[in-house]
Number of protein chains: 2
Amino acid sequence: MLYRNLLVTIGGRFMDNKKELPLCPVATTLGLIGNKWKILILRELLSGTKRFGELRSGIPGISQKVLTQNLRSMEEDGIIQRLVYAEVPPRVEYFLSDLGNTLRPIIDVMAEWGLGYQAMVKKNLYETEKMDV
Amino acid sequence: MLYRNLLVTIGGRFMDNKKELPLCPVATTLGLIGNKWKILILRELLSGTKRFGELRSGIPGISQKVLTQNLRSMEEDGIIQRLVYAEVPPRVEYFLSDLGNTLRPIIDVMAEWGLGYQAMVKKNLYETEKMDV
DNA sequence: TGCCTTAGTAACTTTTAGGAAGTAGGCACC
DNA sequence: GGTGCCTACTTCCTAAAAGTTACTAAGGCA
């Protein structure tokens, strides 16, 4: 593994150019998983190894190109690993590296917050409807 | 407060069109803070009320336009609140709403992970240098 | 009068994402 | 033996988003 690859992708136009870690830890984290697709990919892979097509169907709205781009970027950053089988039709498996697995708490907290928010919205809508009537 | 504004912004091209909550809690969360700028704005406001200019200088690389856009979006979503003083030169203060404050654990976990990552990179670089010599 | 201030907007350029079509290459089918 | 199928890309073109720069309002102050 190339340790230098761990130096990531912050500070450029889309935090993807300069090989330099920002001082702020939050910005450092965002340098690796700063867009929503990477987080959704992470969410998918937290439940285990997935093929390209499985990721695509598991993440509604993502295009092939963007999925490929983000997978490559995450592989470069050492978050995920890529395993190509010399078969026809082609088969490529993706799974989290040890580093990628350490990101699990972040997704957990986000999932937890999302659940609470969904519940709040549901409750508020209900009360709003009651008030409307 | 308009409760319906809590229904957010997921599923469109950039998760900002349809007023519909996704089933996945992670995607729900990403609908509100799915881009890096919002998370950095959140980080700034977690330490207290800030003026527009303070936010701008506290978040290196953000442009006026993008800061304005994200602040407006976060205000619509009920995460932050905006207070305009009728003064010249103008003064506008931003601060977290109660809802916005509930996002604190997410930023905390990201900061924690970022610290660990920074430490790892530093250590690995050091070892790599030793190996290179 | 002229210049300072800050938050925001408008016009314009660059970057990124989306969509559709093309590629590889072994296999099944007619 | 030609045709089509399968999957994981890749390429091309267009649309949308983000970035950059310049400009505005409107009172205070020299």
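Modeller: Let us start with one pair: a polar contact of 3.1 Å joins the side chains of Glu93(B) and Tyr85(B). Keep in mind that this is a predicted model.

Biologist: Why is the link between Glu93(B) and Tyr85(B) called a polar contact?

Modeller: The cut-off for a pair of N or O atoms is 3.5 Å. The side chains of Glu93(B) and Tyr85(B) are joined at 3.1 Å, so the pair is within the limit.

Biologist: How do you know whether Glu93(B) is buried or exposed?

Modeller: Its relative accessible area is 17%. Buried means under 20%, so Glu93(B) is buried. Glu93(B) sits in strand β3 of chain B. Beyond its close sequence neighbours, Glu93(B) touches several residues, including Thr49(B), Arg51(B), Gln81(B) and Leu83(B).

Biologist: What makes β2(B) and β3(B) a pair?

Modeller: Pairing needs at least two bridges. β2(B) and β3(B) have 6 bridges, in the antiparallel sense, so they pair.

Biologist: Which strands of the chain B sheet are called edge strands, and why?

Modeller: The open sheet has 3 strands in the order β1-β3-β2 (chain B), with antiparallel pairing. β1 (50-51) and β2 (80-85) of chain B are the edges, as each pairs on one side only.

Biologist: What lies across that sheet in chain B?

Modeller: Helix α2 (residues 36-46) of chain B lies across β1, β2 and β3 of chain B, at about 95° to β3(B). Helix α4 (residues 64-76) of chain B packs on the sheet too, touching β2 and β3 of chain B. The direction of α4(B) makes about 115° with that of β2(B).

Biologist: And what is the strand order in the sheet of chain A?

Modeller: The order is β1-β3-β2 (chain A), in an open sheet of 3 strands with antiparallel pairing. Between β1(A) and β3 (residues 91-96) of chain A there are 2 bridges. Arg51(A) stands opposite Glu93(A) in β3(A).

Biologist: Why is Leu55(A) called buried?

Modeller: Leu55(A) has a relative accessible area of 0%. Leu55(A) lies in helix α3 (residues 52-58) of chain A. Away from its sequence neighbours, Leu55(A) is in contact with residues including Leu45(A), Leu67(A), Leu71(A) and Tyr94(A). Its C-alpha atom is 7.0 Å from that of Ile41(A), 14 residues apart along the chain.

Biologist: Which residues have the most contacts inside the largest nonpolar core?

Modeller: They are Ile106(A) and Ile106(B), in a core of 69 residues. Helix α6 (residues 104-132) of chain A gives the largest share, 9 residues.

Biologist: Why is this core said to lie between two domains of chain B?

Modeller: Domain 1 (3-102) and domain 2 (103-133) of chain B both give residues to the core, so it lies between them.

Biologist: Which residues does Ile106(A) contact, leaving aside its sequence neighbours within four places?

Modeller: Thr29(A) and Ile33(A) are on the list, and so are Val109(B), Met110(B) and Trp113(B).

Notes. Residues are numbered from 1 along each chain as its sequence is written. Chains are lettered from A and ligands numbered from 1 in the order in which they are written. This is a predicted model: local features need pLDDT of at least 70, side-chain atom pairs count only at pLDDT 80 or more; totals for chains, interfaces and linings use all residues. Side-chain values use heavy atoms; hydrogens and water are left out. Helices (H or I, at least four residues) and strands (E, at least two) are DSSP runs, numbered from the N terminus. Contact means heavy atoms within 4.5 Å. Axes are lines fitted to C-alpha atoms, for helices over the stretch in contact, and angles run from 0 to 180 degrees between N-to-C directions. A nonpolar core is a set of buried Ala, Val, Leu, Ile, Met, Phe, Trp, Tyr and Cys residues joined through side-chain atoms within 4.5 Å. Buried means under 20% relative accessible area, exposed over 50%, partly exposed in between (1.4 Å probe, protein chains only). Domain bounds come from an automatic or database domain assignment. A polar contact is a pair of N or O atoms within 3.5 Å; within protein, one must be able to donate a hydrogen and the other to accept it, and residues adjacent in sequence count only if both atoms are side-chain atoms.
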